[in-house]
Amino acid sequence: MRRLRDLRVRMYCQSGGGNGESGAVGLRNLRLWRRVVQLTAAGLMTAPGWWPDNPVWLGTYISSRFCGIALTDPLAALEVAIAGKAVVWPLLWSAVPLILAAAVLGRIFCGWICPLNTAFEIAGSFRRKPQRALAGNWQPYWLLGGFLTASALIGLPVFTLISPIGILSRTIAFGAGFEAVFVVFLVCLELWYSRKAWCKKVCPVGALYGLLSRFRRCRISLDTARCTRCGACYAACGMGVDIGSPGKLAVMNCSNCGDCIAACPEHAVSYQWIKRRKGGAAKHEPFESHSR
């Protein structure tokens, strides 16, 4: 099945569909809005530098204050609690807004906010070589468990100390240091190895957001009656998700970025709002997406 899907993707790309000509109006709208959000999020981190007393933003994407609300990366809060073997309630409460957002809307931090993902996508727009097929797997989830175990054994928030998201956030906010070499290496990996290799194979932050969003309300759904199996949605997905699959890995790896929605020439892919019924059954309710 994977070979057949990859063949359809190659045929789609060779036919010119991979350049976004099909469904171009939707592609421009949704990607434009997402890019505006991504660049605004990255720009916010520079605000304290040119407006020290601004009431909107202070900090990085590991720990910050947004419009007076304290926010902490859930993995950072978890690692600190495990390393210190104590619950720091202010830190825990500051992670709650992001946990709730992931539980309802999915990995929107990855798809719409993460500065590292933004750097990957901007770098990827300059790639001229065909991308290497690199499917997502359970590896980031195993690494998440490994980093949490290491934090408990060492007594330090291990991944938070070396997180490239934190490094890039500090680079944007305070200027580049030697540690920025790590981020440059990951961007080079994006250019010459595979699209979002870090996100698909390593990132424990994304893995935790994937676990938190396992039963989210807002999901990407595929209308099989409209689908012509052209492969456009799969070609557009940087995470290599099998669009519309109810599998655990497909659901948890999807970042709800909407690139597959915008790329579909048949409008067969859309956001769906899922309502749980008694007994565990799910009711899918489509709502109007920005790509229409």
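1. The side chains of Arg 34 and Asp 259 meet in a salt bridge, with 3.1 Å from N to O; the term is used here for a side-chain nitrogen of Lys or Arg within 4 Å of a carboxyl oxygen of Asp or Glu. Arg 34 belongs to helix α2 (residues 24-44) and Asp 259 to helix α16 (residues 259-263), so the pair ties together parts that are 225 residues apart in sequence. Helices (H or I, at least four residues) and strands (E, at least two) are DSSP runs, numbered from the N terminus. Arg 34 is buried, its relative accessible area being 2%, and Asp 259 is buried as well, at 7%; buried stands for under 20% relative accessible area, exposed for over 50%, and partly exposed for what lies in between (1.4 Å probe, protein chains only).

2. On the basis of these values, the model is a predicted one, in which local features need pLDDT of at least 70 and side-chain atom pairs count only at pLDDT 80 or more, while totals for chains, interfaces and linings use all residues. Residues are numbered from 1 along each chain as its sequence is written, and side-chain values use heavy atoms, with hydrogens and water left out.

3. Glu 121 forms a salt bridge with Arg 35, the closest N and O atoms being 2.7 Å apart. Since Glu 121 lies in helix α7 (residues 115-124) and Arg 35 in helix α2, the pair ties together parts that are 86 residues apart in sequence. Glu 121 counts as buried at 11% relative accessibility, whereas Arg 35 is partly exposed, with a relative accessible area of 27%.

4. Glu 121 also meets the side chain of Lys 196 in a salt bridge (2.8 Å, N to O). Lys 196 sits in the loop between α11 (180-192) and α12 (197-201), and Glu 121 in helix α7, so this pair ties together parts that are 75 residues apart in sequence. Both Lys 196 and Glu 121 are buried. A network of salt bridges links Arg 31, Arg 34, Arg 35, Glu 121, Lys 196 and Asp 259, and the count of salt bridges comes to six.

5. In helix α4 (residues 74-84), the buried residues are Pro 74, Leu 75, Ala 76, Ala 77, Glu 79 and Ala 83. These buried residues pack against β3 (69-72), α5 (89-105), α8 (139-154), α9 (158-162) and α13 (204-212), where contact means heavy atoms within 4.5 Å. Just after α4, Lys 85 takes a positive phi of about 55°.

6. Arg 219 lies in strand β4 (residues 218-222) and counts as buried at 16% relative accessibility. A polar atom of its side chain lies 3.3 Å from the backbone oxygen of Arg 216.

7. On the surface, Leu 153, Ile 154, Leu 156, Leu 161 and Ile 162 form a nonpolar patch with about 530 Å² of accessible area together; such a patch takes residues with over 30% relative accessible area and no salt bridge, and joins nonpolar side chains (Val, Leu, Ile, Met, Phe, Trp, Tyr) within 5 Å, like charges being joined within 9 Å. The elements giving two or more residues to this patch are α8 and α9. Ile 162 lies in helix α9 and is partly exposed, at 43% relative accessibility.

8. As for the whole protein, there are 16 helices and six strands, and 46% of the 292 residues count as buried. Residues 24 or more positions apart account for 72% of the contacts with a separation of 6 or more.

Notes
Polar contact = N/O pair within 3.5 Å; in protein donor to acceptor, adjacent residues only side chain to side chain. Areas by Shrake-Rupley, 256 points an atom, 1.4 Å probe, with all protein chains shown as cover.
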